[in-house]
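Me: I would like a close look at one part of this model, and then an account of how the rest is arranged around it. Please take your time over the answer.

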Protein chains: 2
Amino acid sequence: MKQTIEQITPTNKEAGKKTRIHLNNLTKPQGSLGRLEELAIQLAEITGDSFPTISPPASIVFAADHGIAKEGVSAYPQEVTAQMVYNFLSSGAAINVLTKQINAMFEIVDIGVASDLAGTGFVRKKVKYGTGSFLDENAMTRAEAQEAIEVGMEVAETMIDKGANSLILGEMGIGNTTSSSAILALLTEEKLENIVGKGTGISEDTLQLKREIINKALVNRQPNPNDVLDILSKIGGLEIAGMTGAMLKAASRQIPVIVDGFICTISAILATKLSKNVSDYLIFSHQSQEPGHCLALKLLDAKPILDLELRLGEGTGAALAFPILESSVKVLKEMATFSTAGVSTEQKSKKL
Amino acid sequence: MKQTIEQITPTNKEAGKKTRIHLNNLTKPQGSLGRLEELAIQLAEITGDSFPTISPPASIVFAADHGIAKEGVSAYPQEVTAQMVYNFLSSGAAINVLTKQINAMFEIVDIGVASDLAGTGFVRKKVKYGTGSFLDENAMTRAEAQEAIEVGMEVAETMIDKGANSLILGEMGIGNTTSSSAILALLTEEKLENIVGKGTGISEDTLQLKREIINKALVNRQPNPNDVLDILSKIGGLEIAGMTGAMLKAASRQIPVIVDGFICTISAILATKLSKNVSDYLIFSHQSQEPGHCLALKLLDAKPILDLELRLGEGTGAALAFPILESSVKVLKEMATFSTAGVSTEQKSKKL
């Protein structure tokens, strides 16, 4: 882990400058493609290539269970985590459909599902059969937290070695908005009312319970906000740690990471606490409906690309944003310049 | 024109209801795909098919000149309209790149470029060699306004007959934000400061001039806000009329129209003034940087899909939104249901 973190350098601003100059010569008013131009520049800086390539992307879904689910904080029973892994394997979930649409590679990682999963076609890297319920005990040991980060690194590395030029990270884990909300509350000291939301769709009563549980858990666990492994081991999740690891590895390899919703943004916050350089490698795909997500994005000074009122996870928001990133790169590479197209520029106009 | 308008029926709410029921059975929390679900329902209502097909789309760019450009309201000289048509023909413009990305059909229409265009590969339907400068004279005659609408209808019809299952409408015309701003000022009586923007990127001085010209033009022309042909003939544009016509024809054929930015939204406002039913057939792709666009969208009670700070036109925002519409349809058609995937539903959870 330490070695990967050390390998994360600042992004290449020189490559970005060249991209900006080229964008300004294309047959359109300067800056008129707005965020598309900013994204093209960021992708150039990340990859170190003024004409970057981000296809094929790889969608990686980390699945794990949360002991806290037994407290009744979710609208769905814990067994849904495993059931959804099977659904991913038979291509029936939203992320499957969206992954196929963008011709992405796809991988599912059992990093901590509470039951033994049958079959093949996924990465078996179970660190633990779900976390402990952090109301009563630590979610995992410090060693397990580190192991989960390293699993994320390893899977990201494998996908990059197989040819992925960008990563779409997602998760599945009943109870994981509770863990994420607890982490955000710890790091921001914001009131729980402004953080904790309805997740997959719980009632007002359950929402109240969820807030109380997080409150109690934070008192009981006392995680050190300056120690990522302490946070993860006391109130974290295995899939959250896995996504953090994948982000670190991708950054060390100069591969852009498309960050999904609330849970994934929490992983991003933890990654930036481990490496300041990592944030420039992250592209925030969307603003979700989960109230904590807005706060989490603010903490990272991140401006998401989409706001489609999503609250699903799995990497779906990141996959939906991918075509826009691809557009930014295609426009950069394929548009004509003023001189090659013989179009008059703004300057010529002023002379008239 | 009258016949097409009479053929525009209300959209099919029954088809939308069936879509909603199916979406609620898919393996995701109900409503968790947010606007994607709303869009799938709207597309079902438009097409009358609960599992709608919107591919291939057709991008149609209407090009025309504006006499008002001679007053110096644009950052670019009038000749750029024709130069950009040649750029479209040689696939060098942003809309070309984005059209190719989404496998769309493509058509350019010379509906009123000020010069004779050489070559082939576009629709020659020049109604007039650019409009008159509406500071001093009417932009066009009433008959020309009607003819331009009918050209738009005809081109839309041709593309639909060739197999287009949705339309992306865009425009090219130096000076057309001035015409659009004048129309919006007429229809909303909003202060020009809140409407008129920098278009392709004019200076503060030119912006001031642009506002004064619009003000004077409205006084000089006195268009009747309740008469679309009067508005178009006095202060309109040929490409604006063309897009209005294309919207009306698409609606009469139950084909969804993806509306681009400011100019295209003005066409949409005119279309809804000709047929109340047409608005349900329109999907608003993005919020542009042009200040009047926000107001124009409000007038239509429209909620755009994207906000990417674009200010280019050509249909680029509509093309960028297309993959999201395609996602909404794919998710609807390809995801597994709770029962087929064997995933526990929320209700089961409550029993636990």
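In which sense do strand β2 (residues 105-112) of chain B and β3(B) pair, and over how many bridges?

Reply: The model is a predicted one, in which local features need pLDDT of at least 70 and side-chain atom pairs count only at pLDDT 80 or more, while totals for chains, interfaces and linings use all residues. Residues are numbered from 1 along each chain as its sequence is written, chains are lettered from A and ligands numbered from 1 in the order written, and side-chain values use heavy atoms, leaving out hydrogens and water.

Strand β2 and β3 of chain B run in the parallel sense and are joined over two bridges (two strands pair if DSSP finds at least two bridges between them; strands are DSSP runs of E with at least two residues, helices runs of H or I with at least four, both numbered from the N terminus). Within this pairing, Arg124(B) of β3(B) has Asp110(B) opposite. Both strands belong to an open sheet of six in chain B, ordered β3-β2-β1-β4-β5-β6 with parallel pairing. In that sheet β3 (123-124) and β6 (282-284) of chain B are the edge strands, each pairing on one side only.

Turning to the two chains, chain A can be laid on chain B by a turn of 180° and a shift of 0.0 Å along the axis, with an RMSD of 0.0 Å (by least squares on the C-alpha atoms of residues with pLDDT of at least 70 in both). The copies are thus related as by a two-fold rotation axis, and the same surface serves both, since 98% of the contact residues of chain A recur in chain B.

The contact (heavy atoms within 4.5 Å) draws 60 residues from chain A and 59 residues from chain B. Between the chains about 4700 Å² is buried, 60% of it from carbon and sulfur atoms (the accessible area, with a 1.4 Å probe, that two parts lose on being put together, summed over both).

Four salt bridges are counted between chain A and chain B (a side-chain nitrogen of Lys or Arg within 4 Å of a carboxyl oxygen of Asp or Glu). Glu309(B) forms a salt bridge with Lys303(A), their closest N and O atoms being 3.7 Å apart. Among the elements that give two or more residues to the side of chain A that touches chain B are α3 (34-47) and α13 (316-334) of chain A, and α13(A) gives the most, with nine residues.
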